[in-house]
Amino acid sequence: MITRHRLAAGICALLATLTAGLAFPAAAAAGEPTGEDAPKVNLVLDVSGSMRARDIDGQSRMAAAKQAFNEVLDATPEEVELGIRTLGANYPGDDQKTGCKDTAQLYPVGPLDRTEAKTAVATLTPTGWTPIGPALLKAADDLDGGTGSKRIVLISDGEDTCAPLDPCEVAREIAAKGIGLTIDTLGLVPNAKMRQQLSCIAEATGGTYTSVEHTDELTDRVNQLVDRAADPVVTPVATEGADACAQAPTLKSGLYTDREEFHQQRWYRVAVNPGQELRASVSVAADRAVNPGYGVLLRAVTERGREIVRGEGTGNGRTDVISTGLRYPKAESDEENAPAETVCLQVTNSFSAASGVQTTPGLPLELTVDVVDGPSQSGDVASFGLGRGWWLLGALILTGFLAGVVWGWVSRWRVAVWRTN
């Protein structure tokens, strides 16, 4: 009896395994080469005089940063090219003009020699000013060139002391270049003003801000950001929309970045062949203080100005990024060589700047364009709206039927044995 029970259970398990194999095909092999350059990370460390303060786990901020850097250097993935830049490390004087030029490349961005990098970090001594803006400009130049991901990790314990060069505006200028550079910021024992400035720098480039008050927090966070740089990313292509469809650039499938002024319209063109479907989405980020109540509109329009379809998104002041999208399937044509249709994409926003906020450069805009083969009508009918999911549904039905047949046969056999006994 026990043997028969195990046999039935084994048959059911085998059927379930076969079903899973049918329903979920093997995934594509991971880790295939993408042809991109190695990811690059530039660690920018504040070495100003305030780093002498002893308020992180009983040691100075500089000692905590050195300890964290040593652990990060040990854990850096082999495929990541890493560099270290300092700010305020060399000039101890009182001349602001000179102090605001005090940024240097401690270790060049490239393949990592851990011993050499650790030796360079060990020589650092808290010294001078806090020229965050100039350091960011130089750090971006350190990462110039290449197609891999680029990331700056800024670690500071105070706000910039080199006004009027606003580091937040510097970050926006870097983002406006469309080079796919992300700036993450970490504040050591932060105050409200520093938190606001470092948050603004990070938000301008799509990065993150983290408040740090312990050495292990600093180590863990920097390690996370360095590891994140090794993850595959899609770098947006910089483009420039026009004020009208006739002058707009023609885009192919891909990810694009642009800048859009407050209440401005940006136009782009996409060619859609008969039988294809256009899928487009747009995100506009509020990288500075804006008035509550705003939105973004994405329209697909013919060259003659007739609206085809639209997508809308709104926000109430609690959302930094507003997104929307649309789909436009173009019907098949009876003509063999039917021409493609030019679809005009219009992006409009209803953001308004808060009092005293600069309106230039424009708000960062990210546009995704995807032109794919349109769905087959017969296929849609056969799928009952389930798409490829009907394979899974059919497999589950078949499994349930076979499992029921097997279980019924086992039950009848058990009853027959019971009557015999």
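I take helices (H or I, at least four residues) and strands (E, at least two) as DSSP runs, numbered from the N terminus. By that naming, α7 is followed by G206, whose phi is positive, near 80°.

Ground rules next. The model is predicted, so I keep to its cut-offs: local features need pLDDT of at least 70, side-chain atom pairs count only at pLDDT 80 or more, and totals for chains, interfaces and linings use all residues. Residues are numbered from 1 along each chain as its sequence is written, and side-chain values use heavy atoms, with hydrogens and water left out.

**Helix α7**

I found α7 at residues 192–204, with 13 residues. From first C-alpha to last, α7 reaches 18 Å, close to the 18 Å expected at 1.5 Å a residue. That expected span is 1.5 Å times one less than the number of residues.

At the start of α7, I saw a side-chain oxygen of N191 within 3.2 Å of the backbone nitrogen of K193.

Which residues of α7 are buried? I listed M194, Q197, L198, S199, C200, I201, A202 and A204. Buried means under 20% relative accessible area (1.4 Å probe, protein chains only). These buried residues pack against several elements, including α5 (132–142), β4 (150–156) and β5 (181–188). Contact here means heavy atoms within 4.5 Å.

**The sheet**

I then traced an open sheet of six strands, in the order β3-β2-β1-β4-β5-β6, with mixed pairing. Its edge strands are β3 (103–110) and β6. Two strands pair if DSSP finds at least two bridges between them. β4 and β5 pair in the parallel sense over seven bridges. I noted I155 opposite L186 in β5.

Key. Buried means under 20% relative accessible area, exposed over 50%, partly exposed in between (1.4 Å probe, protein chains only). A polar contact is a pair of N or O atoms within 3.5 Å; within protein, one must be able to donate a hydrogen and the other to accept it, and residues adjacent in sequence count only if both atoms are side-chain atoms.
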